There are 2 protein chains.
Amino acid sequence: MAFKTDIEIAREAKKQPIQQIGDKLGIPTEHLLPYGHDKAKVSQDFIRSLEGRPDGKLILVTAINPTPAGEGKTTTTVGLGDGLNRIGKKAVICIREASLGPNFGMKGGAAGGGYAQVVPMEEMNLHFTGDFHAITSAHNLLSAMIDNHIYWGNELQIDERRVSWRRVMDMNDRALRDIVVSLGGVSNGFPRQTGFDITVASEVMAILCLAKDLEDLQKRLGDIVVAYRRDKSPIYCRDIKADGAMTVLLKDAMQPNLVQTLENNPAFVHGGPFANIAHGCNSVIATKTALKLGEYVVTEAGFGADLGAEKFFDIKCRKAGLKPAAAVIVATVRAMKMNGGVAKADLGAENVEAVKKGCPNLGRHIANVKSFGVPVVVAINHFYSDTDAEVAAVKAYVAEQGAEAILCKHWANGSAGIEDLANKVVELAEGGSANFAPLYPDDMPLFQKIETVAKRIYHADEVLADKSIRDQLKTWEDAGYGHLPVCMAKTQYSFTTDPNRRGAPTGHSVPVREVRLSAGAGFIVVICGEIMTMPGLPKTPAAEVIRINDEGNVEGLF
Amino acid sequence: MAFKTDIEIAREAKKQPIQQIGDKLGIPTEHLLPYGHDKAKVSQDFIRSLEGRPDGKLILVTAINPTPAGEGKTTTTVGLGDGLNRIGKKAVICIREASLGPNFGMKGGAAGGGYAQVVPMEEMNLHFTGDFHAITSAHNLLSAMIDNHIYWGNELQIDERRVSWRRVMDMNDRALRDIVVSLGGVSNGFPRQTGFDITVASEVMAILCLAKDLEDLQKRLGDIVVAYRRDKSPIYCRDIKADGAMTVLLKDAMQPNLVQTLENNPAFVHGGPFANIAHGCNSVIATKTALKLGEYVVTEAGFGADLGAEKFFDIKCRKAGLKPAAAVIVATVRAMKMNGGVAKADLGAENVEAVKKGCPNLGRHIANVKSFGVPVVVAINHFYSDTDAEVAAVKAYVAEQGAEAILCKHWANGSAGIEDLANKVVELAEGGSANFAPLYPDDMPLFQKIETVAKRIYHADEVLADKSIRDQLKTWEDAGYGHLPVCMAKTQYSFTTDPNRRGAPTGHSVPVREVRLSAGAGFIVVICGEIMTMPGLPKTPAAEVIRINDEGNVEGLF
């Protein structure tokens with residue numbers, strides 16, 4: 001079969017002028033700030049004016065543990081948004097922005113796929129509206145001001161060995177992971193070892209995605225711990241006096257970006273924090289704005305439900321006071337087969353037994369999400385090689401778990417292919433069965449929070465942590481950070497910390513290697529495995545073939 | 001007297017929607033890509049469609065050597081544009097974009113001043129339309145790909161000690177001037193010493209400002225010399241295969257930005273190369289587009305005429321085939337007094353003798369500019385403390401030099417204050433006396449080009465250069481770069497290389513410390529003194545007081 005590629009479909013889109021999309025949401029011209037003819041930002045004044053309006057219903061799209069077969073979480077988020085609009089509900093989609101740097105390594109990510117995409121795809125994979133550049137600038141201004149403070153006398157008595165604030169760049173550049181700065185003599189400062197992370201890994205990114213307005217943004221920026229003194233007392237961004245200027249740099253980036261689906265339905269594409277060392281969700285301000293403007297808001301969370309949905313519930317919903325009305329767990333027959341032990345090369349052949357064998361991974365995610373008090377439906381994202389028997393096997397398994405699995409063909413057919421799911425989501429959301437509560441209370445001790453996630457979500461037997469880590473958590477509790485949620489950084493490929501253990505394993509341990517305080521974002525990062533915060537480029541980077549072709553189109557990016 | 005500040009005036013501006021400004025230039029809606037309601041980019045397709053149209057007349061605004069008293073070159077550029085529109089000429093202004101980083105050190109630069117400004121001032125001093133961020137990304141993508149190439153086997157045999165391509169950031173960050181990268185073990189690459197420059201100092205910036213279209217941009221990017229082998233043979237950006245992806249990153253940045261003056265006249269604000277290690281002019285594509293759309297185009301060049309006008313003529317006009325019709329040299333009574341030996345604190349008191357004593361600096365610039373075959377008028381940018389006798393002294397001196405000096409009050413009165421200058425410019429431009437030619441022919445040997453500028457423009461006796469420098473120039477001539485113009489990097493404060501020698505000194509020598517090849521931009525940089533390519537922040541950076549105030553306005557940036 002010959003399919004059109006995502007970018008071919010995207011280029012054929014009949015886009016409406018962005019003001020027309022804004023009109024559907026009732027955003028007046030003066031409050032919709034265009035970026036070209038197909039992208040816009042919504043003004044802070046308009047967002048403020050929405051206060052007091054009732055909220056629409058919030059639908060989370062999450063997934064099984066990702067496999068190389070792909071599950072199509074963003075595609076289903078977009079498709080469901082279109083589907084809800086098709087059945088007469090005013091629905092708004094909320095997804096994350098793409099990081100620029102990785103696109104030059106591997107091929108860039110589409111925003112959805114097939115006939116369930118948001119456009120303009122090219123711009124969204126390049127500079128878009130400049131939000132990530134603003135975050136890079138704000139982050140690095142603080143870095144420059146820290147070294148500048150030390151240079152001019154170090155009144156705050158920063159211990160140069162304990163500057164935890166690094167620099168960032170939206171680029172895959174392994175050479176910058178570990179560097180020494182301020183060489184070259186007196187006029188360049190005091191040499192010290194530091195490094196760069198990729199911009200999405202910046203705490204500024206996480207803060208922007210959790211801040212409720214500019215005032216809250218500035219407060220959170222001020223709260224960032226940037227360094228310590230020799231007596232280990234913390235030094236805050238506020239002490240460096242960078243929080244005001246950083247807020248100014250971020251004022252436009254804080255405004256949600258409006259684009260459209262192929263079917264001309266509104267989508268807010270805003271924020272994109274790293275889904276391991278941060279919480280990996282669309283911004284709170286975009287989600288909350290969408291809730292004021294739509295009857296339904298469909299949003300996604302990073303990775304599988306063990307990481308993404310857990311952090312969506314325990315960090316984003318807890319902190320922003322959001323109450324999800326239903327959740328969709330995306331699965332594919334192919335991914336079930338891989339969980340059942342089939343190699344990628346053999347996915348084309350029917351194998352009902354393997355599908356059945358892989359289903360427990362899905363089953364555990366269903367139970368986990370339900371445990372937050374949120375009703376669940378499973379979306380089987382259809383792939384053309386799926387057989388009826390395989391689909392039936394997934395449906396039967398899900399029914400046994402007390403949920404329903406619905407076959408969705410939005411990739412091939414757009415909203416027409418996902419009506420059943422849309423109807424089911426409405427039934428769940430309007431049924432009133434949702435009774436959301438986070439997994440653990442704020443006042444639970446930090447280590448116990450980690451244990452709760454590990455045991456109840458990962459189904460581990462125990463958490464392993466050195467005394468130094470337990471002591472560190474205790475120190476933070478004493479310093480007043482005990483009420484923060486934990487942000488788990490673990491492989492997305494497994495419920496365990498071993499990326500190769502598929503399915504629904506039990507009896508494992510969760511080793512905690514390191515804990516980090518993100519005082520501005522408002523969580524404790526718990527690192528259970530290798531976390532790479534600055535990727536490298538592959539041997540043959542995608543950048544080598546990216547170019548503008550003779551038709552003036554970008555080639556090689558997708 | 002109590003004056004309104006520039007930002008107060010800018011905030012009171014009665015801006016027209018940017019499409020209305022575009023309408024004045026005949027730019028159709030689909031070809032004007034808005035960024036908010038008051039900024040836009042002009043599409044490449046529209047620019048291509050202008051080919052074959054006749055050109056308007058090009059007017060250069062340049063100045064005497066800058067003093068701490070200020071001369072108001074951009075203010076006069078904007079004022080003259082408004083003045084020409086006032087007297088019925090369709091005039092377009094072409095100025096440079098501001099660099100973000102330095103605004104957090106000292107207070108940000110306005111785009112003009114008083115009642116001769118372009119707006120929106122805030123955005124122009126922050127991210128504007130993201131051009132500089134795109135340049136940063138394109139530059140650093142190349143950097144990452146070079147280290148990545150070495151990491152994966154170094155097929156091109158790059159000598160790690162001879163990587164001349166550094167990284168850039170739009171930030172004043174002295175700690176990044178001199179760094180060691182790739183520490184931390186095998187997976188981070190091969191440790192080597194390198195550093196960051198500020199983005200405006202990037203050769204990518206100079207290239208963007210000289211490229212005539214996207215195709216030319218990609219060719220020039222490919223031409224960049226990024227490193228050398230052990231046998232000293234050069235390695236080009238093209239060998240790293242980064243030129244295509246860099247062009248993709250720069251495709252929007254190549255489109256000129258349209259904004260408006262306080263009087264709602266069109267202004268292209270585009271490009272902003274470092275005026276010492278590059279040529280310091282508005283982009284060729286913006287200037288050429290403006291020439292197709294207006295009867296008059298008023299543009300500026302960086303620093304005083306010895307540096308700015310010389311490079312405007314010998315680099316920009318030579319390479320782009322531009323023929324300026326007239327030049328305005330901006331002077332102030334206060335700057336004449338400083339050139340005449342008065343300290344800044346004493347500038348308020350009338351001192352006709354000091355004015356007379358300072359005038360030879362102006363006189364030499366007049367003669368220099370005329371030597372390019374371009375007719376000259378002097379604009380005395382009026383300051384409220386100037387006395388009639390002082391103004392008269394300048395006028396009399398200029399008349400002796402065979403030119404006219406016209407008192408201009410655009411700062412206080414907008415276009416109404418600069419009608420006389422506008423009329424005089426029209427008289428000169430339409431008089432047909434211009435007969436522009438660059439100072440030296442392409443085929444003159446490189447060292448002789450340096451001598452020509454030093455002797456004929458700086459009025460030096462000789463150029464001092466080590467054998468190694470002369471040998472280097474010879475090597476480049478042998479490699480086919482002998483036809484390039486020279487880009488002089490010298491203090492802007494004096495005709496000499498000593499910033500303290502004001503007036504019109506003679507008998508000095510010009511020592512050349514270093515020469516650099518910018519093969520993509522297409523010039524040889526000749527460094528005659530300290531050139532700082534990464535500034536630092538002052539002890540109390542402006543950033544410390546920059547914030548969003550209770551009215552939602554940015555405070556402390558201006």
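# Reading the interfaces of a two-chain model

Biologist: Where do I start with chain A and chain B, and how many salt bridges does the rule find across their interface?

Modeller: The rule finds 2 salt bridges across the interface of chain A and chain B. A salt bridge here is a side-chain nitrogen of Lys or Arg within 4 Å of a carboxyl oxygen of Asp or Glu. In one salt bridge, the side chain of R167(A) meets that of D173(B) at 2.8 Å, N to O. Keep in mind that this is a predicted model: local features need pLDDT of at least 70, side-chain atom pairs count only at pLDDT 80 or more, and totals for chains, interfaces and linings use all residues. Residues are numbered from 1 along each chain as its sequence is written, chains are lettered from A and ligands numbered from 1 in the order in which they are written, and side-chain values use heavy atoms, with hydrogens and water left out.

Biologist: How many residue pairs are in polar contact between chain A and chain B?

Modeller: A polar contact is a pair of N or O atoms within 3.5 Å; within protein, one must be able to donate a hydrogen and the other to accept it, and residues adjacent in sequence count only if both atoms are side-chain atoms. Between chain A and chain B the count is 27 residue pairs, both at pLDDT 80 or more. Several elements of chain A supply at least two residues each to the side that touches chain B, among them strand 7 (167–169) and helix 10 (243–250). Helices (H or I, at least four residues) and strands (E, at least two) are DSSP runs, numbered from the N terminus. Helix 6 of chain A gives the largest share of that side, 10 residues.

Biologist: What area is buried between chain A and chain B?

Modeller: The size of an interface is often given as the accessible area lost when the parts come together. Here buried area uses a 1.4 Å probe and is summed over both parts. Chain A and chain B bury about 5500 Å², and carbon and sulfur atoms give 68% of this area. In contact terms (heavy atoms within 4.5 Å), 64 residues of chain A meet 64 residues of chain B.

Biologist: Now inside chain A. Which domains does the assignment give?

Modeller: Domain bounds come from an automatic or database domain assignment. For chain A it gives domain 1 (6–129 + 253–430), domain 2 (132–250) and domain 3 (446–528). The contact between domain 1 and domain 2 of chain A takes 25 residues from domain 1 and 20 residues from domain 2.

Biologist: How many salt bridges are counted between domain 1 of chain A and domain 2 of chain A?

Modeller: The count is 0 salt bridges. The rule does find 8 residue pairs in polar contact across this interface, both at pLDDT 80 or more. Domain 1 and domain 2 of chain A bury about 1900 Å² between them, with 70% from carbon and sulfur atoms. On the domain 1 side, A253(A), M254(A) and F274(A) supply 27% of the area buried against domain 2 of chain A, more than any other three residues.

Biologist: Which peptide bond is cis in chain A?

Modeller: Look at omega. The bond from V119(A) to P120(A) is cis, with omega near 5°. P120(A) is in the loop between strand 6 (116–119) and helix 5 (121–124) of chain A. In chain B, the bond from V119(B) to P120(B) is cis too, with omega near 10°.

Key. Buried area is the accessible area (1.4 Å probe) that two parts lose on being put together, summed over both.
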